[in-house]
Amino acid sequence: MAKLKNIIKQLSDSDYTSIHESLIENSAEKSAYLLKAMRERSLSDNKIMDELGVNTNAYYTLRSRLNQKIEEYLLQQMENPRTDLIKKVANINEVIFTKKRAIAIATLKKIEKELLDYDLPSELTTIYKTLRKLHINTPDHFTYSQSYNKHVAYTLAVDKAEELLCQYFKKYGDYTMSRDETTQLELSLLTDEMNNLCSLYESHRLYIYQSCLNIFHRLFVEGESYDNNTHEPIEDILDKMQEILSNYYLDSIYHHLQLVYELLRLEYYNHYKVYRKAEDFYEEVNDAVDTLLTNYSLHTYPTQYLISKIERARRMGNEETLYEENKMLFHDYEGDLDDVPKYVTYIMYRALSCYYAGEYNESARWINNLLNELSLKKYPYAQLEVKAVLALQYCLMNDYDLFNQLTNSIQRQIRLLGKDNCDSIVIFTKILKISVSDVKRDKYNKIRALAERFARFDMKHFAPTMLIKMDESFINKLC
């Protein structure tokens, strides 16, 4: 909400008037009222909802549509030089056949300069190919042949970098679910391959792709084992990313990657516990979380934000607010069953949000639907975590038959995986078993002692059980 209000307040008077009039003309009176309320009046969301006579879901939909209308208007007003350049390249043959040779060459040289500035290698190959032909009878033919070959290679390098970025985050999903050390090694090899590729070219586009991968890798895979003394500090990388994205803000790819940059800033400050600075980026990312989950899996691991969101709520003591907020944030979101790690993380986020709101039946329903929709045999540790959270819901629902069936299944799986590899789950299930036990003597102290042991584990992989806040309230519920 803060992001939309800021955008509306920063609109020029002429832009605001044009948008308002357009909404009225298209019979979007409620959107026009919302625009005016945010621009000219300092009303709370609840007050606006009351005056409009809409519920929370309808209000969020209205807000989302207004945001979309404003973005569409601003994009129409903005000349995109990249699009303009691509149109110029598409019309090269018209220049060749209708202009004198000297004018054609001058035109191509001007386009070349602009394409170099925007780092568009694919279009540059067309320019150099044409210049090469125009200089067939001069020594410059060789020069443009070399430039053509160089940018063909560079175009392939950019394609390769984009593919490495996709493969890395797909692999990271497998890694966080499987805890497989071989997969961790593969992530490091992909990182090295990206770094080697990008070192061959002086390119701000490759630097952005490289940074998206490197920062994430240093924060979530290598962690404290990464030798920060021999590499560029993360904050310096982020500053340089911001400079590039600002300088080329009309580039459509960079325009969208601004959200990835904000996410990386947020996660960087979270990692080093600089929470005050992290808050500067929280609203920006939170307002766009639906888009982040839907469209950004090729450039980052978006569901990491959901884990950070729960951790923030736990830290601020307002976990119960997530449940209602999710109804607004995800009212139009559809998960991708083919992207199993992302889908599982999303469902567990929704289930935990229900748990913190005391909606144990709904939490169990989310998890049961997940287990019915997907097979998690490929990720046995993740499956164990999911079942453990479900067992907690059964425990709080006092459904002891389902609880006993599920804990027996968990015990069998622990024996197969090895007790030493499932320490945290072993302790978690012990807590639940003490809770359902008929023996009431010293139950509080037993659970408290185990909860303190559980708190010593670090969350290095997908582990929704570690997002359960084991405070006094938790212990009292189980007693």
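Which helix does D174 lie in? D174 lies in helix α10, and we'll come back to that helix a few times. First, some ground rules. What you're looking at is a predicted model, where local features need pLDDT of at least 70, side-chain atom pairs count only at pLDDT 80 or more, and totals for chains, interfaces and linings use all residues. Residues are numbered from 1 along each chain as its sequence is written, and side-chain values use heavy atoms, with hydrogens and water left out.

Let's start with the overall picture. The protein has 25 helices and zero strands; helices here are DSSP runs of H or I with at least four residues, strands are E runs of at least two, and the numbering goes from the N terminus. Along the principal axes, the C-alpha atoms fill a box of roughly 95 × 60 × 40 Å. Of the 479 residues, 49% are buried, where buried means under 20% relative accessible area, exposed means over 50%, and partly exposed is in between (1.4 Å probe, protein chains only). Among contacts (heavy atoms within 4.5 Å) with a separation of 6 or more, 67% are between residues 24 or more positions apart.

Now the charges. There are 61 positive and 71 negative side chains, and the centres of the two sets lie 2 Å apart. Lys and Arg count as positive, Asp and Glu as negative, while His and the chain ends are not counted; each charge is placed at NZ of Lys, CZ of Arg, CG of Asp or CD of Glu.

Back to D174: at 14% relative accessibility, this residue counts as buried. Leaving out residues up to four places away in sequence, D174 touches R179, T183, P341, K378 and Y379.

Next come the aromatic rings. A pair of aromatic rings is described by the distance of the centres and the angle of the planes. Rings of Phe, Tyr and Trp (its six-membered ring) pair if their centres lie within 6.5 Å; planes under 30 degrees apart are stacked, over 60 edge-to-face, and the rest tilted. The whole structure holds 24 aromatic pairs. In one of them, F169 and F216 have ring centres 5.2 Å apart and planes at 80 degrees, so they are edge-to-face. That pair links distant parts of the chain, with F169 in helix α10 (residues 140-178) and F216 in helix α12 (residues 204-222), 47 residues apart. F169 is buried at 3% relative accessibility, and F216 is buried at 2%.

For a tilted pair, look at Y282 and Y305, 6.3 Å centre to centre with 35 degrees between the planes. Y282 lies in helix α15 (residues 275-287) and Y305 in helix α17 (residues 304-316), so the pair ties together parts 23 residues apart in sequence. Y282 is buried at 6% relative accessible area, and Y305 is buried at 1%.

There's also an aromatic cluster, made up of Y168, F169, Y172, Y175, F216, F220 and Y301.

Rings can have charges over them too: NZ of Lys or CZ of Arg must be within 6 Å of the ring centre and within 35 degrees of the ring normal. R39 lies over the face of Y16, 4.7 Å from the ring centre, and the charged end of R132 sits over the ring of Y148, 4.6 Å from its centre.

Finally, visit C395 in helix α21 (residues 380-397). C395 is buried, with a relative accessible area of 5%.
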